[in-house]
Amino acid sequence: MTKVDVGGEIVSPPRRRLRVPPLLAWIAVAPFAVWAAARLAGIDSAVHIWGVGVALMTGTPYVAAASLLAVPIALAARRAAVIAVAVAASVLLAAVVLPRAAGSAPTATGPSLRILTVNLFFGAGDAATVVDLVRRLDPDVLNTQELTPEAVRALDEAGVGTLLPYRHLEDGPGPSGSGIYARHPLTAAPDFVPEGGHNMPRARLALPSGPPVEIVDVHTLAPLNGHDVAQWTAELAALPAASPGVVRVLAGDFNASLDHAALRAVLGRGYADAADATGDGLTTTWPADRRYPPLITIDHVLYDERASAVSTSVHKVPGSDHRAFFAELRLPRSL
């Protein structure tokens with residue numbers, strides 16, 4: 001039998017790489033680039049139609065995550081310009097969102113100050129749950145929003161006065177009322193917000209030791225339409241700046257996230273955000289009365305930059321559309 005040497009080389013057929021038309025890639029990338037530019041420029045409250053711009057900006061963390069999907073689409077288009085824009089948009093959005101999950105070490109060494117804030121949703125938030133949170137978390141201050149006269153009675157019946165015997169209340173019908181409950185004596189201070197919005201009581205807190213502290217119970221108008229956006233912007237602008245002679249804390253329902261330029265302007269007047277400082281800045285607080293988890297973060301504790309945030313947490317309150325927000329702060333030893 002004759003042996004036959006076939007010889008030759010086995011060659012695999014070339015793989016066909018996915019290629020996306022450049023126009024389709026630009027359509028996928030452009031919305032993220034526009035969003036990143038709008039977020040960095042802070043034009044959410046200046047450019048809006050019936051409050052849509054303001055409402056949309058709260059979705060920035062979700063847009064930042066979704067922007068990653070545009071990068072492989074841009075790569076598949078094999079065009080340097082669209083790849084550069086996709087990567088830049090994703091990096092810029094990540095740069096404004098990811099630090100909220102990082103946190104920072106506390107530096108203040110003075111006494112602690114614990115604050116619990118809760119929006120009671122037209123007074124319907126369960127008073128027994130709120131008082132149980134006070135009992136478990138042991139706050140020095142409880143800030144309440146949408147505090148109705150009926151809610152005041154319910155909190156009293158649940159025993160809030162035994163735990164927090166001092167109060168400065170400006171309760172009212174519907175969403176208009178607010179009130180501060182405290183473990184230590186309170187001295188009321190003049191209001192500062194523009195007319196036409198919710199009550200925002202303000203009081204000096206007499207701690208046993210440490211620097212003087214002022215508490216502001218914040219509840220800005222929800223920016224649902226053009227008029228409300230203007231009122232919301234004015235109310236945030238009216239919040240007092242940090243002061244050399246007192247440690248001021250702003251706590252409550254700001255109806256604003258860290259992606260709103262108006263709230264970042266408040267921070268720029270000498271404050272830090274407690275959740276952001278502890279790495280909980282992406283923890284959501286509203287809406288808390290749906291079948292799905294809360295979507296956005298609009299409840300905050302802002303504190304004087306000379307203080308530090310030690311820990312933060314959120315808690316469900318049946319009957320309320322907000323999660324309660326708790327922050328433990330460390331005050332400066334002296335001013």
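Reader: Hi! How many bridges join β7 to β8, and do these run parallel or antiparallel?

Author: There are 7 bridges between β7 and β8, which run parallel. Two strands pair if DSSP finds at least two bridges between them. Strands (E, at least two residues) and helices (H or I, at least four) are DSSP runs, numbered from the N terminus. This is a predicted model: local features need pLDDT of at least 70, side-chain atom pairs count only at pLDDT 80 or more, and totals for chains, interfaces and linings use all residues. Residues are numbered from 1 along each chain as its sequence is written, and side-chain values use heavy atoms, leaving out hydrogens and water.

Reader: Thanks! Which residue of β8 is the bridge partner of V213?

Author: That is V247. β7 and β8 also form a β-α-β unit with helix α8 (residues 226–238), and the unit is right-handed. Right-handed here means that, with the strands pointing away from the viewer, the path from the first strand over the helix to the second runs clockwise.

Reader: And what about β6 and β7, parallel or antiparallel?

Author: Antiparallel, joined by 4 bridges. In β7, V216 is the bridge partner of R202.

Reader: Is β7 buried or exposed, then?

Author: Buried: this goes for 7 of its 7 residues, so β7 is largely enclosed by the rest of the structure. The cut-offs are under 20% relative accessible area for buried, over 50% for exposed and partly exposed in between (1.4 Å probe, protein chains only). V213, I215, D217 and H219 point one way from β7, while E214, V216 and V218 point the other way.

Reader: Nice. Which residues touch the most other members of the largest nonpolar core?

Author: They are L113, I115, L205, I215, V301 and L329, in a core of 25 residues. A nonpolar core is a set of buried Ala, Val, Leu, Ile, Met, Phe, Trp, Tyr and Cys residues joined through side-chain atoms within 4.5 Å. Among the elements that each supply at least two residues of this core are β1 (112–119), β7 (213–219) and α10 (274–278).

Reader: Switching to T278: where is its place?

Author: T278 sits in helix α10. With 23% relative accessibility, T278 counts as partly exposed.

Reader: What is T278 in contact with, leaving aside neighbours within four places in sequence?

Author: G103, A309, V310, S311 and T312, where contact means heavy atoms within 4.5 Å. The T278 side chain makes a polar contact with the side chain of T312 at 2.6 Å. A polar contact is a pair of N or O atoms within 3.5 Å; within protein, one must be able to donate a hydrogen and the other to accept it, and residues adjacent in sequence count only if both atoms are side-chain atoms.
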